[in-house]
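Good morning, everyone. Please have the viewer open while I talk. We will go from the sheet to the ligand.

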Amino acid sequence: MPYHMIDGKAIAQQVRNELKEEVGRLKEQGIIPGLRVILVGTHPASESYVRGKIRASEEVGINSELIRLNEEVSEAELLQKVTECNKDPAVHGILVQLPLPLQIDTNKVIATISPEKDVDGFTPVNVGNLIIGQDAFFPCTPYGIMELLKRSDISVEGKHAVVVGRSNIVGKPISFLLQQANATVTMCHSRTVDLPFYTKQADILIAAVGRTEMITSEHVKPGAVVIDVGINRKEDGKLAGDVLFADVAPLTSAITPVPGGVGPMTIAMLLKNTVQSAIRKESKR
Ligand SMILES: Nc1nc2c(c(=O)[nH]1)N[C@@H](CN(C=O)c1ccc(C(=O)N[C@@H](CCC(=O)O)C(=O)O)cc1)CN2
Ligand SMILES: [Mg+2]
């Protein structure tokens, strides 16, 4: 059976096109969604993601601004910046690019972002609301995965989803989103004993461990849907996922590539959250 390659780049473009139209309508009502992206230091990957976020925001008509802080910035200075953005009425979305340097307590910074402007969906309030099924900003990568599945006509209801990886950004939140979509969810991680025993049961396998190409054909049930969240740089400089693509793809019914799968959706859903935040706030005016 030939497999379906899920084209995250194309689907992300679709989402951005829809958002561009929506932002156009908002502008007619005098509403301009505003995003502030805070980058600490000059980590090359973070630089590239942040550039992508600003470029994509501008493409859809969101007013975006990059706030750059020195690698040695103090925690207090960073918290001050976040607080300024919290207070600025032109700002509907705030994100602090991760990872942060060691002198800074990441959890403290995240908790300082106003939940109403937390378009990354990382604050304790949004994480809590996500878990109890209340209105929340969903973290962009898991939200993007759900959107990829939906727009690829892959139903989740009643399926066994196995998530490998328990990070706050991906593993934990995607497990709750899948449960809410009526999947049965199993969580695995780096300490799981006999990983293939679990992953071979997956109708939908989410690989989010951050280990280069560790998911091979021995981990996958024929016909499964495989979503690769890994972004790993190989020694030859090439990008690779957590899934050994050439080995696994022929077994699957559908699979996301790396690059061009989940990654582009992360940015598209950030824009969606920002537009949503503007709509929510301005409808309360
Ligand atoms: N504040 C945040 N920090 C981080 C997040 C996040 O959602 N919020 N996620 C990741 C990084 N990330 C966005 O910030 C991100 C990662 C990857 C991509 C992407 O488009 N990847 C491309 C390949 C890009 C490349 O060539 O390097 C792809 O997979 O096709 C976008 C955003 C950690 N930090
Ligand atoms: Mg992990």
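Let me begin with a definition: two strands pair if DSSP finds at least two bridges between them. One more goes with it. Helices (H or I, at least four residues) and strands (E, at least two) are DSSP runs, numbered from the N terminus.

Now, where does this come from? This is a predicted model, where local features need pLDDT of at least 70, side-chain atom pairs count only at pLDDT 80 or more, and totals for chains, interfaces and linings use all residues. Residues are numbered from 1 along each chain as its sequence is written, while chains are lettered from A and ligands numbered from 1 in the order in which they are written.

First, the sheet. Strands of a sheet pair through backbone hydrogen bonds, either parallel or antiparallel. Here six strands form an open sheet, in the order E1-E11-E8-E7-E5-E6, with parallel pairing. Strand E1 (4–5) and strand E6 (184–188) are the edges, as each pairs on one side only.

Look at strand E7 (residues 204–207) and strand E8 (residues 225–228). They are parallel, with four bridges. Find Ile206: it stands opposite Ile227 in E8. Leu205 has Val226 of E8 as its bridge partner.

How is E8 placed, with its faces covered or open? Both faces of E8 are covered. Val225 and Ile227 are buried on one side, Val226 and Asp228 on the other. By buried I mean that 20 or more other C-beta atoms lie within 10 Å of the residue's own; 12 or fewer is exposed, anything in between is partly exposed, and C-beta atoms are placed from the backbone.

E8 also pairs with strand E11 (residues 254–255), in the parallel sense, over two bridges. There, Val225 has Ala254 as its bridge partner.

Next, strand E5 (residues 160–164). E5 pairs with E6 in the parallel sense over five bridges. Val163 has Met187 of E6 as its bridge partner. From E5 the chain passes through helix H7 (residues 171–180) to E6, a right-handed β-α-β crossover. Right-handed means this: with the strands pointing away from the viewer, the path from the first strand over the helix to the second runs clockwise. E5 also runs parallel to E7, joined by four bridges. In that pair, Val162 stands opposite Leu205.

Now the domains. The domain assignment gives domain 1 (30–113) and domain 2 (140–263). Such bounds come from an automatic or database domain assignment. The C-alpha centres of the two domains lie 28 Å apart.

Where does ligand 1 lie? It lies between domain 1 and domain 2, because both give residues to its shell. The shell has 20 residues, and Tyr49, Leu98, Pro259, Gly263 and Thr266 come nearest. A residue is near a molecule if its C-beta atom, placed from the backbone, lies within 6 Å of it. Helix H2 (44–60), strand E4 (93–96), helix H6 (140–151) and helix H10 (262–282) each supply at least two shell residues. H10 gives the largest share, four residues. By type, the shell has twelve nonpolar, seven polar and one charged. Here Ala, Val, Leu, Ile, Met, Phe, Trp, Tyr, Cys and Pro count as nonpolar, Asp, Glu, Lys and Arg as charged, and the others, Gly among them, as polar.

Leu98 is joined to Pro99 by a cis peptide bond, with omega near 5°. Pro99 sits in the loop between E4 and H4. Val258 and Pro259 also have a cis peptide bond, with omega about 0°. Pro259 lies in the loop between E11 and H10.

Which residues other than glycine have a positive phi? Asp153 is one of them, with phi near 55°. Asp153 lies in the loop between H6 and E5. Asp153 has 8 other C-beta atoms within 10 Å, so it is exposed. Asn182 also has a positive phi, near 70°. Asn182 is in the loop between H7 and E6. Asn182 counts as exposed because it has 11 C-beta neighbours inside 10 Å.

Last stop: Val119, in the loop between helix H4 (106–112) and helix H5 (124–131). Why is Val119 counted as buried? Because it has 30 C-beta neighbours inside 10 Å.
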